[in-house]
Amino acid sequence: MEADSTGANMAEKAEADVEMTENPFEPYIESLRQQVEDQDPVFLIGVIVALAVVIITCVFLKYFLTSKTVRTAVLLVGLCDSGKTLLFSRLLSGKFKRTQTSITDSSAPYKAKNDRGSTWTLIDLPGHDSLRSQYLEKFKLAARAIVFVVDSAIFQKEVRDVAEFLYVLLTDTVISRNAPALVVACNKQDITMAKSAKLIQQQLEKELNTLRVTRSAALSSQDGSVGGSLYLGKKGKDFEFSQLPMKVEFLECSARGSKGEDGNADIEGLENSLAKL
Amino acid sequence: MLDFFTIFSKGGIVLWCFQGAGVTESFTGPVNALIRSVILQERSGNNSFTHEALSLKYKLDNEFELIFVVGFQKILTLTYVDKFIDDVQLHFRDRYKNELEQKGALKLLNNSFEFENDFKMLLREAEDSSKARSPAPMRSFKESEKSQKTVKSMIETKGGDKGKEQGGKKNKNTKKEAPAVEPAKGDQGKASSSGQKMAENGNQGLTADEIMQKKREEFFRKRMVGTTEKPSKSPKPQKPREKQMRVWDMGGNSTKDLDYSERNGDGSTNGGEQNQEAQIDLGMQPSSMQGDLPSVDYESSEGEEMEDEDEEVVVSETSKTSSKKGGGFGGMFGMLKGLVGSKSLSQEDMEPVLEKMRDHLIAKNVAADIASQLCDSVAKKLEGKVMGTFTTVASTVKQALQDSLVQILQPKRRVDILRDVMEAQSQRRPFVITFCGVNGVGKSTNLAKISYWLIENGFTVLIAACDTFRAGAVEQLRTHQRRLNSLHPPEKHGGRPVVQLYEKGYGKDAAGIAMEAIAYARNQAFDVVLVDTAGRMQDNAPLMTALAKLIAVNMPDLVLFVGEALVGNEAVDQLVKFNQALADHSMSDKPRLIDGIVLTKFDTIDDKVGAAISMTYITGQPIVFVGTGQTYNDLRSLNARAVVSALMKA
């Protein structure tokens, strides 16, 4: 377009003018002004619009980029029926609520019980197998800490499922890079057959040890990508949670509480560790 | 009558619940079963579900993310339940609109929803209304129409109109009586008499024009009145007293015309009459087709039809544009207004997009019913949802469909064969895998691939050749065994061959061979037993019985259905019939059904990967292996995201 080429020429000329003539300012500025006025107004509008678009894009980019990198979420994950939603309710309001299987996430701001009074966002993710990975993908970037809830009463039967979920969690690239604090909450301690946190830790370490071998031998997926090829812990040695880059803590809690529905939950341990974040 | 009613959020917190009198069991179990089988498996197209003795109906409220579930005994048939749920939903929303509109989950925790009284009132209304609609009592003779008629009206007369005038009072009480008494214009009752009129017209030999006119009027009348009144038991005042000879509209009045024996000689009068009657019958005048052919609009009956259609189309279009918020100012502003601001999705908005998506899925080889069920389920999930700014209907629907597809393909239980084999190893028993499927899908080939993979991971495998029907089946497996043993020689694996074949030739009973093979494996401490069965069509009842017997008797750890990725709508039929056969012919309460799917010949389809969706949707079981070729290395696991992106690619 002629206007563009003349515009380009004009821009070059204007620059050249500005560069060369610092001393004899006024006449050149006069000529510049005249040339700008001579130009087609449409071209000027085009230039202004382009500049505005560039500025707006920069603002948007900054806004979007910065919002992603802030990590203020505490995720409640675990198998189905481990008590995540009830724990969520207890932590936020202290009340007992009947719960059903969650099919979406719930989030709410949580005020930690420490001197600083920091607030996190507590997010309760659904535990069902078909939804787990989607929600984890969505929220793993924002995770500051992960509370992994385990049903201590039926742990023996579910050991392999718990370990598999934990393995997937630990070998995820984003999580292993950010290394959020991991708290394994052994829930349902009010039931008499509940296993202790120490026992659960030992069993999980044993199981993850085996899983390291079987999962790395698993088939690659059909488009050639091999998921989660991170090797947990140290090669040659048995797996222990202390070998992980992130801080892992095991504690016991009971969302239902020893007195049944009306009493308070025994979640002081959990609240304390959340306060330490 | 209801066992329970719950209202809970999609995040899992129960807002309010009601338990019927005398019901002691908690409803958490059945509702969880409902969520897991229906909502999570994307079967929310039909909104009822049975679980043991209970029947559950539910409704999703997508705007506030709530689920309403009602449960009652299966044996009761309560007619008011559907409407009741809708009423409760509307009532709850109106009452708690303010609380529910707050963001975040705190609103659910902090507010207590005291819905008891409203619920009781609604329940009472619903029950009363259902009782009110009980069958109407029989009318007494006095109330019926017969008593209204005078004797005179019952005598039939020649002219059809006169018979219609009924003497006597009109009974205003009975609803069913069609107001057919108006004599003059378009009422439906005339149809019965006009039929007779036609006959009589035919008798009187009216000209063709008049016949056409009458027919046109009749048609017009029918179109105008439509389906409003059906004179179901409308009084026929001209009830014939005796049998009348039936007169056809188009028929002549004498059979003499049909007697062609004299026509050859006599051409004048008979022929003339014949010609004239032929004209009358065919409704043609000799000079009507002269000149240019009349255009199509001339046939007024067709024209009316087209006009009506046009009207309907125009009406619906105007209603569509008026329902959109920015209808006035021009297309551009309307589009922009649709983008910005909160607009809740309705069925009509989603319909065109879903239609396109359904066709797209079918083009990608998803079975037709599965595609439509999926689209219905996505529609249910999105109905009433409020869209955010800068999102179009199409993008929301696409995103929801993508999420549902990923959800379907994700396995619902842990799939780790190696770990389970290790578990069985520690229990000192072999891990038994059975392969079943129709003919020619690749059972034996994939069995060999899986045994190669297991050997690579250090397990010993026994192959049981239970295909005793197909010629060469045993030899094929023997060849595979020899190859695998040469690839992994026994010297490297502790001196014993890693693969062994257990076969008993052809023609024997497959279930018996399988049982012996498993016993042999237990004795010889093999880690895995792979049972190869013969391919069979799903309609072949005796073969399906034989397969069910094999599985029921041997109780394998894993029953894998082998299906090829090329199959289209057949997949649905195959899987349903296989599962049905396995369920029917097993003796126990918990029959062993298909536990997993092996999807073979995946390299032959480039991106028409719909068979994966059909198979997982029908059975709810995960795809454990994917076969991508014919060498031993061509065994993969399924990557749900890759498959879904290939599926949604344009």
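The UniProt annotation "domain: SRP54-type proteins GTP-binding", from an unreviewed entry, covers residues 622–635 of chain B. UniProt positions are given in the numbering used here, feature names are shortened, and annotations may be inferred rather than shown by experiment. Over residues 622–635 of chain B the chain is 0% helix and 43% strand, with the end C-alpha atoms 16 Å apart. Helices (H or I, at least four residues) and strands (E, at least two) are DSSP runs, numbered from the N terminus.

Two sentences on conventions. This is a predicted model, in which local features need pLDDT of at least 70 and side-chain atom pairs count only at pLDDT 80 or more, while totals for chains, interfaces and linings use all residues. Residues are numbered from 1 along each chain as its sequence is written, chains are lettered from A and ligands numbered from 1 in the order in which they are written, and side-chain values use heavy atoms, with hydrogens and water left out.

Now the interface. How many residues of chain A are in contact with chain B? The number is 43, and they meet 54 residues of chain B, where contact means heavy atoms within 4.5 Å. The area buried between the two chains is about 4100 Å², and carbon and sulfur atoms give 55% of that. Buried area here is the accessible area (1.4 Å probe) that two parts lose on being put together, summed over both.

Across the interface of chain A and chain B there are five salt bridges. A salt bridge is a side-chain nitrogen of Lys or Arg within 4 Å of a carboxyl oxygen of Asp or Glu. Over all chains the count comes to 25.

One of these pairs is A:Asp161 with B:Arg414, whose closest N and O atoms are 2.9 Å apart. This pair crosses between chains, from helix α6 (residues 155–170) of chain A to the loop between α15 (393–409) and α16 (417–426) of chain B. A:Asp161 is partly exposed, with a relative accessible area of 26%, whereas B:Arg414 is buried at 12%. Buried means under 20% relative accessible area, exposed over 50%, and partly exposed in between (1.4 Å probe, protein chains only).

Which residue of chain A forms a salt bridge with B:Arg419? The partner is A:Glu207, and the closest N and O atoms are 2.4 Å apart. Both of these residues belong to a network of salt bridges that also links A:Arg160, A:Asp161, B:Arg414, B:Asp420 and B:Glu423. B:Arg419 is among the buried residues of α16(B), with B:Ile417, B:Leu418, B:Val421 and B:Ala424. That helix is followed by B:Arg428, whose phi is positive, near 55°.

Two pairs within chains come next. A:Arg132 forms a salt bridge with A:Asp129, the closest N and O atoms being 3.2 Å apart. Both lie in helix α5 (residues 129–139) of chain A, three residues apart, about one turn of the helix. A:Arg132 is buried at 12% relative accessible area, and A:Asp129 is partly exposed at 23%.

In chain B, B:Arg358 pairs with B:Glu355 in a salt bridge with closest N and O atoms 3.5 Å apart. These two are about one helical turn apart because they sit three residues apart in helix α13 (residues 347–363) of chain B. B:Arg358 is buried, at 16%, and B:Glu355 is partly exposed, at 34%.

On to a sheet in chain B. It is open, has five strands in the order β2-β1-β5-β4-β3, and pairs antiparallel. Two strands pair if DSSP finds at least two bridges between them. β2 (14–19) and β3 (48–51) stand at the edges with a single partner strand each, so one side of each is left without a neighbour in the sheet. Neighbouring strands are turned by 15° against each other on average, direction ignored.

Seven bridges join β1 (residues 2–9) to β5 (residues 66–73) of chain B, and B:Ser9 stands opposite B:Leu66 in β5(B). Helix α2 (residues 81–95) of chain B lies across β1, β2, β4 (54–61) and β5, running at about 40° to β4(B). Axes are lines fitted to C-alpha atoms, for helices over the stretch in contact, and angles run from 0 to 180 degrees between N-to-C directions.

Last, backbone angles. Most residues other than glycine have a negative phi. B:Ala525 has a positive phi near 60° and lies in the loop between α19 (510–524) and β9 (528–533) of chain B. B:Lys601 has a positive phi near 55°, in the loop between β11 (596–600) and α22 (610–619) of chain B.
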